Amino acid sequence: TSEIKDKIDRNEEYTIKIFDLNVYKYYEVDQNEHSILPEFIDSLKSTNYNVELQEGLSSEYKIIIEFSNSKYVINAYNDKLITIHPWDGVYPEDIISMDGVPDYYNLYKYCEYIKKISSCFEG
């Protein structure tokens, strides 16, 4: 999480894709919708990190964040729990509770929103 924040603070360009595991479909995220990432990270408190992942829980969405030299994956399990890890899996994942995170920074709800607006442009 701190690596992503550092890269954003250095104004490194990045792309975001959302993969819906329910229908195995990718959604490209428009650059105008990228501001949620730094805002979400800024809204976190240390208590958001003191969480354990329930065994057998599977994510509904994967958010893929791609910088020029690195990639990260955010697994959104539900509107209360996410994990963040590098694509290559070198570091242990951050398990983050979204308790206390405002709805407009909630990454699970963000995935639902991107899916909804993307389907409006299809067909």
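# Questions on helices and strands

Guide: Strand 4 and strand 5 are antiparallel partners, joined over six bridges. The model is predicted.

Visitor: What makes strand 4 and strand 5 a pair?

Guide: At least two bridges are needed for pairing. Strand 4 and strand 5 have six bridges, so they count as a pair. Y72 faces P86 in strand 5. A hairpin of two residues connects strand 4 to strand 5.

Visitor: How do you know that strand 3 pairs with strand 4, and in which sense?

Guide: Six bridges link strand 3 to strand 4, and the strands run antiparallel. The requirement is at least two bridges, so this is a pair. E66 has K71 in strand 4 as its bridge partner. The hairpin from strand 3 to strand 4 passes through three residues.

Visitor: What makes strand 4 mostly covered?

Guide: Six of the eight residues of strand 4 are buried. Buried means under 20% relative accessible area.

Visitor: Which strands form the open sheet, and in what order?

Guide: Six strands build the open sheet, in the order 2-1-3-4-5-6, with antiparallel pairing.

Visitor: What makes a strand of this sheet an edge strand, and which strands are they?

Guide: An edge strand pairs on one side only. Strand 2 (25-28) and strand 6 (94-97) are the edge strands. Between neighbouring strands the turn is 20° on average, direction ignored.

Visitor: How is strand 6 held to strand 5?

Guide: Strand 5 (residues 81-86) and strand 6 share four bridges in the antiparallel sense. I82 sits opposite I96 in strand 6.

Visitor: Where does helix 1 pack on the sheet?

Guide: Helix 1 touches strand 1 (14-20), strand 3 (61-67), strand 4 (71-78) and strand 5. Its direction makes about 45° with that of strand 3. Helix 2 lies across strand 1, strand 3, strand 4, strand 5 and strand 6. Helix 2 runs at about 85° to strand 1.

Visitor: Why is strand 1 called largely enclosed?

Guide: Five of its seven residues are buried, so the rest of the structure largely encloses strand 1.

Visitor: What are the pairings of strand 1 with strand 3 and with strand 2?

Guide: Strand 1 is antiparallel to strand 3, over seven bridges. Y14 has F67 in strand 3 as its bridge partner. Strand 1 is also antiparallel to strand 2, over four bridges. There, I18 is bridged to Y27 in strand 2.

Visitor: What makes Y24 stand out in phi, and where is Y24 found?

Guide: Y24 has a positive phi of about 50°, although it is not a glycine. Y24 lies in the loop between strand 1 and strand 2. That turn belongs to a hairpin with four residues between the strands.

Visitor: Is Y24 buried or exposed?

Guide: Exposed means over 50%. Y24 has a relative accessible area of 62%, so Y24 is exposed.

Visitor: What is the phi of N11, and where is the place of N11?

Guide: Phi of N11 is near 60°, a positive value in a residue other than glycine. N11 belongs to the loop between helix 1 and strand 1. Its relative accessible area is 65%, over the 50% cut-off, so N11 is exposed.

Visitor: Which residues meet where helix 1 and helix 2 are in contact?

Guide: I4, K5 and I8 in helix 1 meet L37, P38, I41 and D42 in helix 2. By class, that contact has five nonpolar, no polar and two charged residues.

Visitor: Is K5 buried or exposed?

Guide: K5 is part of helix 1. Its relative accessible area is 19%, under the 20% cut-off, so K5 is buried. Neighbours within four places in sequence aside, K5 is in contact with I41 and D42.

Visitor: What makes helix 2 mostly covered?

Guide: Six of the eight residues of helix 2 are buried. They are I36, L37, P38, F40, I41 and S43.

Note on methods
Residues are numbered from 1 along each chain as its sequence is written. This is a predicted model: local features need pLDDT of at least 70, side-chain atom pairs count only at pLDDT 80 or more; totals for chains, interfaces and linings use all residues. Side-chain values use heavy atoms; hydrogens and water are left out. Contact means heavy atoms within 4.5 Å. Ala, Val, Leu, Ile, Met, Phe, Trp, Tyr, Cys and Pro count as nonpolar, Asp, Glu, Lys and Arg as charged, and the others, Gly among them, as polar. Axes are lines fitted to C-alpha atoms, for helices over the stretch in contact, and angles run from 0 to 180 degrees between N-to-C directions. Buried means under 20% relative accessible area, exposed over 50%, partly exposed in between (1.4 Å probe, protein chains only).
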